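Let's take a friendly walk through this model, one contact at a time. Have the sequence and the 3D view ready as you read.

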Amino acid sequence: MKTSKDLDAALRRLAKKYAVDVPDRWILQSTAGAASPQRTTLAPGWALPAGAAESFVPLLHWRSQRRFVELKRLVVGRTVAPVVMCRFSCQTTGEPMGLDAILYREFDLIEWMNDSPIVSVYASVVAGRFANVLVRLQNGVIGSIEAGATLPTGSQPDVLDRHEIIAGRGLASDRAVDTQLPQDSVYVFTAKGVEKYTDTDAELFGLDDEEVSLVRAAYDLASQPDSADALRRQHRRLAALVKTAQESDRVRRRLDTEGAQ
Amino acid sequence: MQPLKIAMLSLTHGHTRKYYQTLRDSPRLQWVAACAEDDTVKERFDRNVSGVPCYRSEQEMFDRHPDIEAVVLASANSEHLRQVRACAERGINVLSMKIPTFDMIEYDEMIKAVDQAGIVCQVELEMHYNPVVHRINQLLSEGVIGRMQAFEATNITLSPVWAFPWQGVPEKSYGQRVPLGGANPRFRGGALCDHPHIFDLIRWMTGSDFEYVHAEVAPNLREDLQVEDALLVTGKMRDGTSFLLDPSWSRMEERIPEPGPGWEVAPKRMEVNLTLHGDKGVLAADCFGPNVYHNGAPRDRYTVQYTYFDEWIGLVDEFVDCIRNHRTPKINLRWHRRTIEAMNACYESIATGQPVAF
């Protein structure tokens with residue numbers, strides 16, 4: 001795991017290569033950190049409170065991961081169509097992504113991939129560490145999200161997820177058929193055990209997929225600074241959706257989301 | 001750094017469409033012109049690319065764009081020597097496809113022409129810029145699996161001949177019509193000619209040279225091809241590393257005239273997998289995985305949708321850097337010559353039925 005300093009340095013190297021301006025006051029972090037009027041902090045949206053100060057820009061960096069880019073491409077290009085249902089799951093060790101963070105990311109992914117907002121949520125939550133959630137999108141697609149911050153500390157992989165899009169014609173997934181675990185690109189077997197590596201970005205070699213996507217998302221923001229407002233709007237929406245899910249469990253009712261028609 | 005003014009020739013190579021994207025997207029390049037092999041190719045180009053003039057005559061393209069600094073030779077192997085000479089005469093740098101030529105006299109002529117003109121000629125072996133390959137090399141240099149003892153690699157794909165017909169014509173792919181030998185009715189120029197990467201990677205990863213190769217050709221999967229489509233290669237490097245290479249077109253395809261969705265019959269149309277055995281461990285790698293998967297349009301078959309194709313960024317970075325800073329690319333004609341010799345030795349082994357030392 002790289003430090004925030006490493007990520008920030010990687011962003012500035014990439015921006016320099018392509019002559020993109022990254023203001024000096026910007027700092028890219030993998031966690032929120034404290035607000036400061038002297039700087040603009042770019043951090044994962046799920047790490048920020050709903051009412052984060054204007055000095056923060058929430059990054060929805062998972063959208064930069066190639067597997068999600070390709071899944072969205074399959075939907076947008078109608079390779080799988082019409083989409084009727086999405087089955088998403090994500091398990092973590094709880095650090096740094098707890099239950100709310102998982103829900104935040106998966107809610108965004110389902111809306112972004114289907115280009116349609118969630119209009120209702122029903123959640124069944126256990127001990128603040130696990131949730132089974134059903135959502136309905138404005139375009140009629142339904143989705144399930146299995147979210148759990150329940151993997152033991154030290155688990156490898158430390159994020160276990162799967163995203164399956166089911167359509168009248170075809171099914172798309174980021175996991176290979178007949179498998180349960182994510183694949184890696186390199187496996188090394190030695191007397192010390194098995195080491196695994198998945199390198200996806202030659203320009204950002206040495207960063208893992210999560211870190212690569214953070215740097216890429218920050219680079220995209222630097223390329224299009226105007227997109228910060230849209231990111232902040234979606235952040236507020238996602239934070240509200242997470243709150244709605246928790247409330248749904250408490251009242252045992254399916255709840256319409258804010259702005260649902 | 002000033003963007004490099006670049007053009008493409010012929011537009012008939014299998015990597016052509018990848019270059020369309022690369023030449024459009026890279027801020028290091030300014031795509032100024034293209035020249036199509038024939039009217040059909042030009043029509044396809046015009047359909048896919050806008051804002052770049054496309055000619056039918058190389059001479060006209062060069063005359064109208066004297067500012068061209070480099071070209072991508074996206075052409076049949078049989079065209080390469082002529083095009084390298086034409087570029088060398090004009091002082092234009094060359095990004096060569098993966099097979100400059102199989103004729104070693106022609107090959108040395110290319111080296112001479114490039115040297116005399118003082119131009120850069122880089123051979124596009126894009127695996128050198130693949131992040132998984134980068135990781136493997138890092139692990140090897142750290143001694144994680146110890147001294148390498150065996151190397152197995154696949155470079156297997158579907159056959160591109162229906163979209164790129166020259167790859168099925170011995171004179172255009174291999175450079176001449178040479179029978180495979182024995183009772184085999186086919187000719188040199190097929191799958192082997194399409195897959196130099198693993199012959200290159202083993203040299204790079206072992207730091208050693210070939211001692212001998214032994215190759216066996218299978219009965220063709222596609223009986224109507226004039227060239228081989230399935231073969232296996234084994235042998236040893238001078239450092240003792242045993243190897244097994246599969247450079248086949250063993251993944252079947254739809255016979256469509258333009259690559260696109262639905263091309264695959266087998267789920268994964270292209271694979272470069274490596275297994276390296278050292279005296280301290282084993283390393284297994286998939287250079288193009290993991291990916292995402294679907295069984296949607298247009299043919300409803302289970303299909304691998306690739307996610308990692310950024311090798312061309314590093315390749316272009318190196319090419320531009322070598323031209324601007326007068327450096328020699330890693331994959332230059334001299335380095336690559338031995339790889340081509342190894343591939344020729346495979347054909348000789350197929351013909352004689354015996355290992356070939358070279």
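A helix axis here is a line fitted to C-alpha atoms over the stretch in contact, and angles between axes run from 0 to 180 degrees between N-to-C directions. Keep in mind that this is a predicted model. Two packed helices are described by the angle between their axes and the distance between the axes.

In chain A, look for helix H1 (residues 4–17) and helix H4 (residues 209–223): their axes come within 9 Å and cross at roughly 50°. That angle is why H1(A) is called oblique to H4(A). The crossing of H1(A) and H4(A) is right-handed.

## Who meets whom

Which residues of H1(A) meet H4(A)? They are A:Leu7, A:Ala10, A:Leu11, A:Leu14 and A:Ala15. On the H4(A) side you will find A:Glu211, A:Leu214, A:Val215, A:Ala218, A:Tyr219 and A:Ala222. Sorted by kind, the residues of this contact are 10 nonpolar, no polar and 1 charged.

## Where the chains touch

Now turn to the contact between the chains, to which chain B gives 36 residues and chain A gives 33 residues. On the side of chain B that touches chain A, at least two residues each come from helix H6 (131–141), strand S14 (281–286), strand S15 (292–294) and helix H10 (311–325) of chain B. This side of chain B holds 20 nonpolar, 10 polar and 6 charged residues.

## Strands pairing across the chains

Strand S9 (residues 171–173) of chain A pairs with S15(B) in the antiparallel sense, over 2 bridges. To spot this pairing in the 3D view, find A:Ser173, whose bridge partner in S15(B) is B:Tyr293.

Technical notes. Residues numbered from 1 in each chain as written. Chains lettered and ligands numbered in written order. Predicted model: local features only at pLDDT ≥ 70, side-chain atom pairs only at ≥ 80, totals over all residues. Contact = placed C-beta atoms within 7 Å. Helix = DSSP H or I, 4+ residues; strand = E, 2+ residues; numbered from the N terminus. Nonpolar A, V, L, I, M, F, W, Y, C, P; charged D, E, K, R; others polar. Pairing = 2+ DSSP bridges. Parallel < 35°, antiparallel > 145°, perpendicular 65-115°, else oblique. Left-handed = near helix turned anticlockwise from the far one by under 90°.
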